[in-house]
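Biologist: Before I rely on the labels in your description, I would like to hear how each one was reached. Please show me the structure, and then let me ask.

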Amino acid sequence: MTAVEDPRPEVAGGTDGPDSSVTFALTVDGTAHEVTARWDESLLTVLRDRLGVRGPKTGCAHGRCGACAVKADLGDGGHVLCSCLVPAATAAGGTVETIASIGGPDGALSDVQEAFLAEGAVQCGICTSGFVTAATELLDTNPDPTRTEIEAALYGNLCRCTGYGRIVAAVETAARTRRGDA
């Protein structure tokens, strides 16, 4: 049996306890950062408190509401995850795309964001970035999802305003727009 090599880059700093800090590289929305954080800090805490990235929201802080959803490539090709559950140091050398990466470089809204506005799927806004992030990931991988597939893709996102019908309608509208059926 051979040992499995850890593909993640080395991080500087101590590992002696939960108060030890580590320094690592992290690219967020296309900007490279050198981050120093405690081992026990979540990716969400690093994004919001250390880097000033406000797109991902602090909702439940237990991975149950999806308000903190980001797309992260931690050496695994990238997928949407709850940044409140990921220790920041595990993202060393990785890339993170927040809601800020979804719109155009000139601040234009994406097709999914436009559909959320058109369908009235934006209420208090705490959940919106997570829903848009999950919906964008769905439509990037499945341009013609069924209603059941949309509901499954959004399953980890909660809306306290209970606007689910409009949110699902927005994803369907974005899908039709991408297919040219709108």
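What follows is a conversation about the labels and the values behind them.

Modeller: This is a predicted model, in which local features need pLDDT of at least 70 and side-chain atom pairs count only at pLDDT 80 or more, while totals for chains, interfaces and linings use all residues. Residues are numbered from 1 along each chain as its sequence is written, and side-chain values use heavy atoms, with hydrogens and water left out.

Biologist: What makes helix 2 oblique to helix 5?

Modeller: The axes of helix 2 (residues 111–118) and helix 5 (residues 164–179) come within 8 Å and cross at roughly 135 degrees. Angles under 35 degrees count as roughly parallel, over 145 as roughly antiparallel, 65 to 115 as roughly perpendicular and the rest as oblique, so helix 2 is oblique to helix 5. The axes are lines fitted to C-alpha atoms, for helices over the stretch in contact, and the angles run from 0 to 180 degrees between N-to-C directions; the helices themselves are DSSP runs (H or I, at least four residues), as are strands (E, at least two), numbered from the N terminus.

Biologist: Which residues make the contact?

Modeller: With contact meaning heavy atoms within 4.5 Å, helix 2 contributes Asp111, Val112, Ala115 and Phe116, and helix 5 contributes Ile167, Ala170, Val171, Thr173, Ala174 and Arg178.

Biologist: Why is the pair of Phe131 and Tyr164 called edge-to-face?

Modeller: Rings of Phe, Tyr and Trp (its six-membered ring) pair if their centres lie within 6.5 Å, and planes under 30 degrees apart count as stacked, over 60 as edge-to-face and the rest as tilted. By this rule the count comes to one aromatic pair. The ring centres of Phe131 and Tyr164 are 6.3 Å apart and their planes stand at 70 degrees, so the pair is edge-to-face. Because Phe131 lies in helix 3 (residues 128–141) and Tyr164 in helix 5, the pair ties together parts that are 33 residues apart in sequence.

Biologist: How do you know whether Phe131 is buried or exposed?

Modeller: Buried means under 20% relative accessible area, exposed over 50%, and partly exposed in between (1.4 Å probe, protein chains only). Phe131 has a relative accessible area of 1%, so Phe131 is buried, whereas Tyr164, with 33%, is partly exposed.

Biologist: Why does Thr95 count as partly exposed?

Modeller: Thr95, in strand 6 (residues 95–97), has 33% relative accessibility and therefore counts as partly exposed. Leaving aside neighbours within four places in sequence, Thr95 is in contact with Thr27, Lys71, Ala72 and Asp73.
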